[in-house]
Amino acid sequence: MGAPDPSAVPDPGVPAHYSVPGHDSMAFLSALLDRDAGLETPAQAWMRANALKYLIRAPRKGGAHDYRKAADYIGRLLACLEGGDGGD
């Protein structure tokens, strides 16, 4: 037996449910947060990124459950922006 073919092993950094052909959704989220650095608090950025993450993966992984998670993060972000802490 020879060494395993590295191309046969999926990249653990990009699970299939985050994969979009020709695009790296995690790199997109990172670039988006870098672009908007300073325009929102770190907590707001985290809530927005998580909402987007769940929206990206919902059709391929968690379905309605992931959409609910995204809605929860959006609700928390709105509460934060509207004067609450949004962190409960």
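A helix here is a DSSP run of H or I at least four residues long, numbered from the N terminus. By that count, Ile74 sits in helix 3. The model is a predicted one. Its protein chain holds three helices and two strands, in the order β-β-α-α-α along the sequence.

**The chain overall**
- The protein chain has 88 residues, and 26% of them are buried.
- Among contacts with a separation of 6 or more, 41% join residues 24 or more positions apart.

**Helix 3**
- Helix 3 covers residues 64-81.
- Its 18 residues should span 26 Å at 1.5 Å a residue, and the end C-alpha atoms are 25 Å apart, which agrees.
- The buried residues of helix 3 are Asp66, Ala70, Tyr73, Leu77 and Cys80.
- Seen down the axis of helix 3, these buried residues fall within an arc of 80°, so they line one face of the helix.
- Helix 2 (42-57) is included in what covers them.
- Just after helix 3 comes Gly83, with a positive phi of about 110°.

**The nonpolar surface patch**
- Leu55, Tyr67, Ile74, Leu78 and Leu81 make up a nonpolar patch on the surface.
- Together these residues have about 450 Å² of accessible area.
- Helix 3 gives the most to the patch, with four residues.
- Ile74 has a relative accessible area of 37%.

Definitions and conventions
Residues are numbered from 1 along each chain as its sequence is written. This is a predicted model: local features need pLDDT of at least 70, side-chain atom pairs count only at pLDDT 80 or more; totals for chains, interfaces and linings use all residues. Side-chain values use heavy atoms; hydrogens and water are left out. Patches are made of residues with over 30% relative accessible area and no salt bridge: like charges are joined within 9 Å, nonpolar side chains (Val, Leu, Ile, Met, Phe, Trp, Tyr) within 5 Å. Accessible areas come from the Shrake-Rupley method with a 1.4 Å probe; for residues, only the protein chains shown count as cover. A salt bridge is a side-chain nitrogen of Lys or Arg within 4 Å of a carboxyl oxygen of Asp or Glu. Buried means under 20% relative accessible area, exposed over 50%, partly exposed in between (1.4 Å probe, protein chains only). Contact means heavy atoms within 4.5 Å. The expected span of a helix is 1.5 Å times one less than its number of residues. The arc is that of the directions from the helix axis to the C-beta atoms.
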